[in-house]
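Here's a quick walk through one model, with an eye on sheets, ring pairs and charges over rings. Have the coordinates open as you read.

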Amino acid sequence: MSSVHDFSAQPSLEQADPEIYDLLQHEQTRQFKGLELIASENFTSRAVLEVLGTAFTNKYSEGLPGKRYYGGNEYIDIVENLAISRAQAAFRLNPSEWGVNVQPYSGSPANFAVYTALLQPHDRIMGLDLPSGGHLTHGYYTAKKKISATSIYFESFPYKVSPVTGLVDYDALEAQALVYRPRMIVAGASAYPREWDYKRLRKIADECSALLFVDMAHYAGLVAAQVLDSPFAYADVVTTTTHKSLRGPRGAIIFFKKEYEEKINFAVFPSIQGGPHNNVIAAVAVQLKEVATPEFAAYARQIVSNAQALAKSLVGYGYKLATDGTDNHLILWDLRPQKLTGNKFELLCDAASITLNKNSIHGDTSALTPGGVRVGTPALTSRGFKEKDFEQVAAFLHRAVQIATGIQSTLAAALKAAAPAPAAVAEGAPAAASAKAPVVTLVAFKDALEKSDEVKQLRTDVEKFSKTFFMPGFDVTKLKFDH
């Protein structure tokens with residue numbers, strides 16, 4: 001019979017689980033060597049990472065400060081109240097007008113808590129369509145399937161961007177809302193590069209007696225720094241994640257007018273969640289303290305300057321951007337003129353230590369093989385990148401496109417050469433339909449890029465460049481693997 005495990009030994013992670021330790025080392029090395037351009041990602045601070053791995057993890061605290069279902073929460077209550085007051089301070093909110101809940105585990109359950117609190121099942125909502133840049137939780141569905149839980153439990157009618165300009169079509173939204181009469185209008189997006197007209201949205205909501213809900217998950221840091229307009233003068237409820245432009249841990253916050261306090265808090269717990277993750281709430285409090293500083297405001301301004309420099313450089317190479325530029329932290333890059341899909345370009349960039357994501361462009365019909373990519377600047381701005389550095393990033397991206405189109409052209413030519421010759425057409429017979437262009441599969445494209453010397457050289461150049469910059473959160477001199 002085996003002896004009882006001696007838990008008092010307390011080995012380090014490296015000693016206790018070398019496999020996970022090595023994977024952590026590999027991931028840290030990947031982050032340091034690569035160019036992180038996913039708009040929803042960022043590099044948080046050493047202080048945030050430190051508090052995430054503390055004894056705050058151990059405590060159960062269902063309920064709210066002062067109203068817990070467990071004892072022993074005197075310090076947890078102070079932490080949560082600090083996070084709440086710092087959230088109000090970061091966004092310059094009057095605590096007598098705006099309440100805050102910092103317990104949501106992430107953005108999606110935060111949004112669903114809002115719906116649960118303020119809507120009845122099958123109430124109508126209107127959010128930005130996913131191919132127009134909206135988020136899944138804003139009610140996305142297809143002709144064959146309801147994708148988001150929001151579209152399962154509520155009736156959703158999406159509004160869209162203009163197919164010409166790529167901008168939100170407020171006139172069409174207003175006309176649709178006056179007919180559809182939604183109970184709630186949802187603003188905010190995960191892939192929209194322009195400012196929102198909250199005043200117009202409030203007017204539309206009032207005209208159809210709807211609530212206005214703003215999901216500012218992507219750009220909350222820019223709102224806090226007053227780089228983008230604030231929705232709080234117009235919205236009834238506002239949500240955000242805490243790990244994107246806010247640069248904190250992976251969590252979420254719900255801001256609500258005080259009249260909705262009881263409903264929102266009850267929706268978070270006990271309706272949707274159990275005990276809050278106190279280590280995350282503590283880390284949110286740490287980050288919100290930084291958000292209120294002049295240094296963070298300067299960081300937020302640099303995010304936008306960098307995005308605009310990147311956009312200008314890509315346009316200079318002749319590329320097409322949705323809305324022809326950006327007001328915020330991201331650009332939507334339309335690769336359809338280059339006859340590339342976003343998933344192929346994402347795959348090639350991954351192989352070259354450049355991380356970005358495929359993304360729908362207005363007019364796309366598939367989210368899996370979309371016509372573009374989304375590129376963001378918060379993470380590299382956290383590493384100290386400035387406008388000139390993003391000009392170099394644009395040069396790397398341009399090389400990646402040239403390599404991708406070259407691979408695709410070579411594969412297409414091989415497919416065409418291997419295709420059987422078209423059958424002869426008898427004299428006087430109708431002409432046969434023109435042959436379709438050969439389709440280069442993702443599998444074939446991946447196989448070719450893995451053999452490409454150009455991709456390998458691009459990766460070498462990218463990593464050499466990236467490693468010259470500061471890395472937040474951990475000491476790169478202590479990495480176990482080659483860096």
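Predicted model: local features only at pLDDT ≥ 70, side-chain atom pairs only at ≥ 80, totals over all residues.

**The four-stranded sheet**

Let's start with the open sheet of four strands, ordered β11-β12-β15-β14 and paired antiparallel. Its edges are β11 (320-321) and β14 (357-359); each has a single partner strand, so one side of each has no neighbour in the sheet. β11 is joined to β12 (residues 330-334) by two bridges, and these two strands run antiparallel.

Helix α12 (residues 294-316) touches β11, β12 and β15 (372-376), and its direction makes about 20° with that of β12. Helix α13 (residues 342-351) touches β12, β14 and β15, with its direction at about 170° to that of β14.

**The seven-stranded sheet**

The other sheet to look at is also open, with seven strands in the order β4-β10-β9-β8-β7-β5-β6 and mixed pairing. Here β4 (98-101) and β6 (155-156) stand at the edges, and since each pairs with a single strand, one side of each is left without a neighbour in the sheet. Inside the order, four bridges join β7 (residues 184-187) to β8 (residues 211-215), and this pair runs parallel. M184 has L211 in β8 as its bridge partner.

A helix packs on this sheet too: α7 (residues 170-180) touches β5 (124-126), β6 and β7, and its direction makes about 180° with that of β5.

**Rings and charges**

How many aromatic pairs does a search of the whole structure find? The count is 20 aromatic pairs. Here are two of them:

| Pair | Geometry | Centre to centre | Angle between planes |
|---|---|---|---|
| Y60 and Y70 | stacked | 5.2 Å | 25° |
| F232 and F255 | edge-to-face | 5.2 Å | 80° |

Y60 sits in the loop between α3 (46-52) and β2 (63-64), while Y70 is in the loop between β3 (67-68) and α4 (74-90), so this pair ties together parts that are ten residues apart in sequence.

The phenylalanine pair links distant parts of the chain, with F232 in the loop between α9 (220-224) and β9 (237-241), and F255 in strand β10 (residues 252-257), 23 residues apart. F232 counts as buried at 7% relative accessibility, and F255 is buried with a relative accessible area of 0%.

Ring pairs also link F112, Y115, Y153, F154 and F213 into a cluster.

R124 has its charged end over the ring of Y180, 4.7 Å from the ring centre. R247 does likewise with Y299, its charged end sitting 3.9 Å from the centre of that ring.

**A threonine in β9**

Last stop: T240, which lies in strand β9. T240 counts as buried, at 1% relative accessibility. Which residues does T240 touch, leaving out those up to four places away in sequence? The contacts are M216, A217, A220, L246, G251, A252, I253 and F255. That brings us back to F255, the β10 residue in the edge-to-face pair with F232.

Terms used: Residues numbered from 1 in each chain as written. Heavy atoms only, no water. Pairing = 2+ DSSP bridges. Contact = heavy atoms within 4.5 Å. Axes fitted to C-alpha atoms, helices over the stretch in contact; angles between N-to-C directions. Phe/Tyr/Trp six-rings, centres within 6.5 Å; stacked < 30°, edge-to-face > 60°. Buried < 20%, exposed > 50% of the residue type's maximum accessible area, 1.4 Å probe, protein only. Lys NZ or Arg CZ within 6 Å of the ring centre and 35° of its normal.
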